[in-house]
Amino acid sequence: MQPVGNEKPPNSPGRPASPFSAGPHTSSPFISSGPGFGFEASGTSPVTTPFPSANLGASGYLQSAPFLSAGSMTSMQNSGNGMPAPPSVKFSGPPTSPYLSSYSTQDATNYHQFQAPRFPTPAQPATPLQGPIVGSPVTNTIGSSSSQPQLSSVQLSSPPQTAMQSPSRSNIPPLPGSSLFTPKPPAQPSLPGYPSVLPRGNMPPSPADPLYLGPRPVSQPPLQTFSAAYIPPLHASPYYAHQVGAIPPPPPIATHLGFSSREQIQFTNVRPPGGAPIQDLTEEFQSLSVGSAPGSHDPGVDIKSLPRPLIDDDEQTKILESYPLNCHPRFLRLTTHAIPSSQSLLARWHLPLGAVVHPLAEGPDEEAVPIVNFGPAGVIRCRKCRIYINPYVTFTDAGRKWRCNLCSLLNDVPGGYYCALDATGRRCDADQRPELSKGSVEFVAPTEYMVRPPMPPSYFFLIDVSVAAVQCGLLEIVSKTIKSCLDEFPGFPRSQIGFLTFDSTLHFHNLQSSLTQPQMMVVADLDDIFLPLPDDLLVNLSDSRHVVDVFLDSLPNMFQDNVNVESAFGPALKAALMVMSQIGGKLLIFQSTLPSLGVGHLRLRGDDPRTYGTDKEHILRTPEDPFYKQMAAEFTKYHISVDLYAFSEKYFDIASLGSLAKYTGGQVYHYPSFQAVTHKEKFRYELARDLTRETAWEAVLRVRCGKGVRFTTYHGHFMLRSTDLLALPAVDCDKAFAMQLSLEDTLLTTKTVYFQVALLYTSSSGERRIRVHTAAAPVIADLGEMYRQADTGSIVLLMSRLAIENALSHKLEETRQLMQLKLVKSLKEYRNLYIVQHRLGGRLIFPESLKFLPLYILSLCKSVALRGGYADASLDERCAAGYTMMISPIRRMLKLLYPGLYRIDEILTADTENLDEPLKKLALTAQCLDVGGLYLYDDGFCFIIWLGRTVSSVLVNSIFEVDLSSFPDLSRVQLHESDNKVSRKLMRILKDLRAKDPSIFQLCWIVRQGEPREGYLLLSNLIEDQTSGTSSYVDWILQIYRQSQSS
């Protein structure tokens, strides 16, 4: 197989280098190949996180290591504020936490008149003249207990759009502008000196004055209580009435000693005497007013105006209006569709600069990628840079030559491809040729792109048959699912199939077509593995179909009395490699216990709580034995991809076993505490999709880009064969890849940068093909334009993969701090763009394109892979979540970070059968949960149906057709469609939600308000609330605001 370009695949692939240089070399399940870029530890402001264990030094600077590189390290310099970066500090002692300010409140019914201060407050925010002022905002003297009414809030609105300059190029239309918002007048701050209330998690004080810090709360609120996150409700129910977007206000933050209001700490602008003048400059940004009224519980943020992604629309299709020849954004998305023209401009960006590639993304049938066959002439490519012909090339010399859009080389047009040019210099047949008119195209590769005949689709099943697999019902589901999918295997009747079962010994199964039933051969020598029948263990499915059917029917009964508890997983892997090495294909592993015998056996190292918060914490998340990474390299060499299905009630060491999928382009499926009754439907669906979805075999991927830029690091599941060639033994439509971009030149001289993704693969039908996606992006010299053209989905996905990899060499707390530091530095840099022309006091400003970024970063900090510490998630669950995030496309990642919450009882009881109206998405806060309602939570991986305490019993009985009051344990309740209107409606709603992402089957859990499972199933996933020592959304915005104001 010849890869993309003029490179030739070596006999053995290069193993990816670890992006971290500290410490001895250990294989890491998430670390991508090549040097790491993105996060850096240097910064000019102290940073706090929504978690209690922040690591700050005596100077207030963050003490954490950046993403280190084995080679040179490129870091982002904070040149926006002119302050030098502080010296890096190495961790040498126990982690420390920032002190938290105390909180105060007062009786809301007691109000007194303030005495006006003798001099104006030095940091009073400006109030735009938009109507009569209810009360003149004044500050109190130190120690005063008076208060005043809160100012009326003004909703955000959009001012006129501002036209932006774009590069002058005939085929590049001007860039679209962004919607803008007018400022909201800030409210007044709270007063100190009132009786304290419960602290809100680990909400830190403003870093503006580190000399006066309040005491830290001794304990955090428990997971299932709400007293620390909410003000006591006015009614007896622990949940608020159903209000869309409303969040109960947390207690105010006490001010520092020596200041009469928090405004003096937060606001850096000085209010001119006589009030604020009307601003005569159009604001090109969105803003959020921050500031509270004295003596009120309002934190100073209009909670309803907080940005939330309540509409599922993450595809950045607007770029196609400016660049209609680009491929669809579902295939390739940049973190910003404006490439910086210089290194200095890139240093002020602070967010990752890169791309997300989803080469086989599914789309509507009418948008299928066209197939082009050049025949014996071969695929037309540039002689120098080897780019494929695309819509951005230009033709000259009356159509006899074409100029490469990457390297500008003039290439000859083959005689059979010649066509005359029209008056504008465009080929007359350009609209009839997909390769010259569409950004995505698929070429049929000629024979020179092959080093062997195209392989047939091959599936080899490695099945654990120990007592644990038998007891949980695994074998019966596996055998029945495989048998039901045999007719739908891709490439049928060319498909190959084979089986190997194991416990303490290896069981080979002869499926030769001449047999009437399979033969089993046992190999007990685990030190010297051999194949008893080298030629009949992987057979053609069409020829041996009757033997395969007999084997699958007899598999559950064959081992039903097995009491063997051992697992010779390592020797079984070596045997599978010997069987598949001649052809390649996909290896599907079903493992239910920790490997205990032979090579690759693992010890029960477990999840040690004493290591959390220490320098050895990350070791738990890295592979213990390098054997599995070495095996992954061997599998990749022979074009074998590994999918791991993990079933275990105990510690499984997914960190080690997951390396098999990580470096072979595979996937990890984790089913904790698997039981056939509960997980059967989910497991059957996901296994069937794995077996029947269209797959690209023996593939390689390369992304080429124009002069002056290059991709430096790659993140996902693959093996890096050379500096920029990704080896993918098998790849499908459910996997995406991320990569970081750097500038090679100090100053880019071109006006446009072009990118081309090329995936060379073998289709299931046996045809060698090259899928090509081409896109263009402008080169700009304006930092504001970079922010306006930013893509939140791409940024979040790339940052999530950087964070997962960073957690393999650093503490979880340090990883969360690095993400927050990136966010703060970017918002601070954006603020500096407008601080001279606009009055920004008391406002957090951000570009329209990144309005959801703070919320997504908060959600990422609270995700299973990165949240809290030892008690917040099991080690296997963390690692499995990390592997899932490393392959997820943008849409799936955003849904996982901000799931959907819907109230459905009103829909189910409505008279109409019409369900065409989309479900109304609610804010992820417990205040949206009404005790009399029925709610559906969907994160893309599971459904949770939440029953309020006073929900109608008639509605519940219609859904389940049983009285749930007689079921103390709802975890065993199964949801099935009943013969009534309510049940049919509910099942249709679930079906429609599953259809939005067919790659995962959402298992449905039923939870009742007040039961013990409610806390970890639902309440801990309401990311806008404060839970278990984490900040609420409001607290998070206040943290980001204060840190972005500091100099």
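View 1. Thr925 lies in the loop between α19 (905-909) and β27 (934-938); helices (H or I, at least four residues) and strands (E, at least two) are DSSP runs, numbered from the N terminus. The side chain of Thr925 makes a polar contact with the side chain of Asp1025, at 2.7 Å; such a contact is a pair of N or O atoms within 3.5 Å, and within protein one must be able to donate a hydrogen and the other to accept it, while residues adjacent in sequence count only if both atoms are side-chain atoms. This is a predicted model, in which local features need pLDDT of at least 70 and side-chain atom pairs count only at pLDDT 80 or more, while totals for chains, interfaces and linings use all residues. Residues are numbered from 1 along each chain as its sequence is written, and side-chain values use heavy atoms, with hydrogens and water left out.

**View 2. Lys920, an exposed residue in the loop between α19 and β27.** Lys920 counts as exposed, at 58% relative accessibility. Between Lys920 and Ile904 there are 9.2 Å in space, C-alpha to C-alpha, and the two are 16 residues apart in sequence.

**View 3. Ser513 in the loop between β12 (506-510) and β13 (519-523).** With a relative accessible area of 37%, Ser513 is partly exposed. Leaving aside residues up to four places away in sequence, Ser513 touches Asp543, Ser544 and His546, where contact means heavy atoms within 4.5 Å. Ser513 and Val548, 35 residues apart in sequence, are 9.2 Å apart in space, C-alpha to C-alpha.

**View 4. The crossing of helix α6 (residues 474-485) and helix α12 (residues 676-692).** The axes of these helices come within 10 Å and cross at roughly 35°; axes are lines fitted to C-alpha atoms, for helices over the stretch in contact, and angles run from 0 to 180 degrees between N-to-C directions. Residues of α6 that meet α12 include Leu474, Ile477 and Val478, and among those of α12 are Phe683, Arg684 and Leu687.

**View 5. Cys428, a partly exposed cysteine.** A search of the whole structure finds 0 disulfides, a disulfide being a pair of cysteine sulfur atoms within 2.5 Å. Cys428 is in no disulfide, and the nearest cysteine sulfur, that of Cys419, is 5.0 Å away. The relative accessible area of Cys428 is 48%.

Terms used: Buried < 20%, exposed > 50% of the residue type's maximum accessible area, 1.4 Å probe, protein only.
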